[in-house]
Amino acid sequence: MSYQVLARKWRPRTFHELVGQAHVQRALVNALDQGRLHHAYLFTGTRGVGKTTLARILAKCLNCTANGRGDEGITSTPCGQCDSCQAIDEGRFVDLIEVDAASRTKVEDTRELLDNVQYAPTQGRYKVYLIDEVHMLSTSSFNALLKTLEEPPPHVKFLLATTDPQKLPPTVLSRCLQFTLKHMPPERVVEHLTYVLGEEGVAFDESALWLLGKAAEGSMRDAMSLTDQAIAFGQGAVRHADVAAMLGTLDHRHILGLAESLADVDVQRLLSEVAELAEQGPDFAAVLDELSSILHRLAVAQMVPDAVDNSHGDRDAILQLASRFTAEDIQLYYQIGIQGRGDMVHAPDLRSALEMTLLRMLAFRPQGVPKPPRTPLPLRREPSQSAATETSAQVAETPSPAPQPSPAADARPEVHSTPGAQPETPLEPSPEQTASAAEEEPPLQEPPPWAVEADTQAAEVEAPQQASEPEAMSESELATEPKPVTEPVPGSAPSPDAEPQTVEPSTVLAPEAFPESRPDIQSGKLDNAQWLQCFDSLGLGGLTRNLAGNCLVESDDGTLLTLRLDPSQEAMQAEVHQTRIERALKEQGMPRRIAFYVAELSNSLETPRQREERLNKERHAQAVDLLNHDPQVQKLQQAFGAKLIESSVKPADAMR
């Protein structure tokens, strides 16, 4: 089976056989059925999408004699059996003049062509001039064609085809009806090739057709040509390995393997994939380009899953892989990949440049989380979705080999715990719930592939001097000097209550100093109001303070403190932050184990972060009001037309 036989056998004979050009088909069919014909048509589009084929079909519609030889015989469904249709299909129709403008660019050729325009058609109803690659005509040729193109004789139709309409003069474009043929997506190419090979009885691998669809670059003609070549290469079958070897392209499965290694933070597998690629002698710069392309698709999959490009036929794999990355990691990996691509020219060899870029992605990955948590898709959720719906969707997307939990375990809210934490306890512990929670607990995450010594010490250094002043003061000194605290604690965020009202030491000090002031906390009843009061005294800083500041108290049984975490901060969960919060609570006389419950926050309660922002806004508004009523400021405004820039007003303690 040769390319000529395959292409000609499956060449469209009518408008309804066109692949992927329904918009052009609809316009031309309606125009032919209603008798609203134009004298000049311009078909544009990339190579191999059917411009010339469409023009020949239109020529058959104009000259088909199945319904009569008069103008009433024009049809949108040529019969293909009359003398005119058969002559056009066989390329021997006298009144269809096909011109290759690329080889006849001179003005003399155009004038010679137009000398016979005034003569009536010999065989058909219309004399049709089909000018292919019309943009190749010279300026003089366009000028010679212009007048005839504007007012041709009634028996003449011009059909122009070009891949570059920008090169046509505006005077020519304004005299034609322009139809732009669509670029063929790989999905449409694979669909058509599947049908053709099925009808021909040729065995094929679907993955091989995706390789052909990608290599065709939007051209159905190129896809048919490559398919014919693949049939010959594979001795009558289209197989993935044969097509990959024939095209000399990268095996996309290796690129996906690199992305999976990044998701698993598996350096050994990462280097093994590079070694397997090296055996094929690939262009390592192209490997990095393909990996960057996959990272881009992963970012799209996290935001808008329905918009994922399926040019490789791996949409399901991309959606599944996207849930294994955090959005921050994907953005970081993509940026490192783009920069590494530019640095390849300075590397000693391309393979080492690729390996260093991949290792750099993992080395510079944030160290707060040993392995990225599964990310529910899409990241941007609708406000109307409830917390229960989001939690159930997250559980449904996370495969787990654990057995089905008991009804008692299903009734309690899902509690997310960071890897390596102590076993979690239900809100109302029972033996059955405890066993079920132990079975549902996810497996421990593996640590990063590189050695990190003194991780806890490094985490403590992250926010130096955060709680230096509270630690320096002994409990006995605080008990003997119960003076109101009016100054912010150095090294920590400014307390919202510092200026407008005093903070009683009994709300922030250890229970030993004021045992009568904290009976509820000692009895295991820490509520959200007390969480707000004691938050600043915990001395948290950096990312840990940000994580805890976006939490509400869900429940507290005296042993386990469950914090409801804002879903936007879910990626911040890490064992190091949990340990810091537990240590800070213990130092304040409230030993607790911490568990995070990810769900939408209640509008009736405030998190420490929301409370701080509200108080800052109130203080800012008060300061602005005082400045607006200040006599000196009013004098400046009256004398110089000055205007107070409210955004520049800051509290006094923020200026220290």
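Student: Which residues of H13 are called buried, and what makes them so?

Tutor: Val267, Leu270, Glu273, Val274 and Leu277 are the buried residues of H13. Buried means under 20% relative accessible area, exposed over 50%, and partly exposed in between, with a 1.4 Å probe and protein chains only. This is a predicted model: local features need pLDDT of at least 70, side-chain atom pairs count only at pLDDT 80 or more, and totals for chains, interfaces and linings use all residues. Residues are numbered from 1 along each chain as its sequence is written, and side-chain values use heavy atoms, with hydrogens and water left out.

Student: How do you know that the buried residues of H13 line one face of the helix?

Tutor: Viewed down the axis of H13, the buried residues fall within an arc of 125°, so they line one face. The arc is that of the directions from the helix axis to the C-beta atoms. On the other side of H13, Gln268 and Glu279 are exposed.

Student: What do the buried residues of H13 pack against?

Tutor: They pack against helix H12 (252-264), helix H14 (284-303) and helix H17 (350-363). Contact means heavy atoms within 4.5 Å.

Student: What makes Asp266 a cap of H13?

Tutor: A side-chain oxygen of Asp266 lies 3.3 Å from the backbone nitrogen of Gln268, at the N-terminal end of H13. A polar contact is a pair of N or O atoms within 3.5 Å; within protein, one must be able to donate a hydrogen and the other to accept it, and residues adjacent in sequence count only if both atoms are side-chain atoms.

Student: Why is the pair of Trp531 and Phe535 called edge-to-face?

Tutor: A search of the whole structure finds 5 aromatic pairs. In the pair of Trp531 and Phe535, the ring centres are 5.7 Å apart and the planes lie at 65°, so the pair is edge-to-face. Rings of Phe, Tyr and Trp (its six-membered ring) pair if their centres lie within 6.5 Å; planes under 30 degrees apart count as stacked, over 60 as edge-to-face and the rest as tilted.

Terms used:
Helices (H or I, at least four residues) and strands (E, at least two) are DSSP runs, numbered from the N terminus.
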